[in-house]
Amino acid sequence: MAVFVLVHGAWGGAHGFRKVRGPLRAAGHEVFTPSLTGIGERAHLTSPQVGLTTHITDVVNTVEYEDLDDIVLLGFSYGGFVVTGALEHIAERVRHLVYLDAFVPDDGDTVDGVSGMAAGQAVIGLGRDWLVPPPSREFDDPAEAAWASARRSPHPVGCFTEPVRLARPLEDYPFTRTYIKATEEPRSKSGGPFWAAANRAKASPTWRYREIATSHMVASNQPAELARLLLELT
């Protein structure tokens, strides 16, 4: 039996994995999908004080309070920053680290800096907006698009400006690493951070690399294929 901890991305929530949890549990595995403070079903808790550390603590506390060990820890999109930052606290509990079309940051990186999105400043000045509205996303199914889009919430900007901390390069940790790329996601002239992360994984013997032929919202567009791939990796 594997223990999966699936961490959602920005503007989303744990509900984004609702079609993936069932197949994994039906195969006999435990699945945890912690919700990050201030977004998704915890949008009522948003505030200017919510930052990357808040979200890292959400995940770390789930793992530690449930006393989970030997886990498969997955970060989707922005969740790549969250799971990377969590390693400072729970690296010894991780068996397999999976990045799902996600950022793969180095020590000191920020979402703003890596993505070039310039969502905000490190210090939120008086009168400045501290919520970043959700961008539009592509979904394969119009019904799923309507359902998911209605549940996308503004994201606290501090999460995008706070640097992540990583004690040593990811490749130096003893756990297994996998990058899963959504291959139908458009590639900009500069490549973009997710394609750069995919290239990093493909070029390294210390990573596994897999692909799913869909756009960025993998768990909504191809939940069965994602579940199948995660079961293959365990």
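Predicted model: local features only at pLDDT ≥ 70, side-chain atom pairs only at ≥ 80, totals over all residues.
Biologist: Which strands are the edge strands of the open sheet?

Modeller: The sheet is built from 6 strands in the order E2-E1-E3-E4-E7-E8, with parallel pairing. From one strand to the next the twist averages 20 degrees. An edge strand pairs on one side only, and this holds for strand E2 (30-32) and strand E8 (207-212).

Biologist: Which residue in E3 stands opposite Leu6?

Modeller: Strand E1 (residues 3-7) pairs with strand E3 (residues 71-76) in the parallel sense, over 5 bridges. Opposite Leu6 stands Leu74.

Biologist: Is Glu144, which forms a salt bridge with Arg18, buried or exposed?

Modeller: The closest N and O atoms of Arg18 and Glu144 are 2.7 Å apart. Arg18 is in helix H1 and Glu144 in helix H5, 126 residues apart. Arg18 has a relative accessible area of 26% and is partly exposed. Buried means under 20%, so Glu144, at 4%, counts as buried.

Biologist: How many residues apart in sequence are the parts tied together by Arg200 and Glu171?

Modeller: The two side chains meet in a salt bridge at 3.1 Å, N to O. Arg200 lies in helix H7, whereas Glu171 lies in the loop between helix H6 and strand E7, so the pair ties together parts whose separation in sequence is 29 residues.

Technical notes
Residues numbered from 1 in each chain as written. Heavy atoms only, no water. Pairing = 2+ DSSP bridges. Helix = DSSP H or I, 4+ residues; strand = E, 2+ residues; numbered from the N terminus. Axes fitted to C-alpha atoms, helices over the stretch in contact; angles between N-to-C directions. Salt bridge = Lys/Arg side-chain N within 4 Å of Asp/Glu carboxyl O. Buried < 20%, exposed > 50% of the residue type's maximum accessible area, 1.4 Å probe, protein only.
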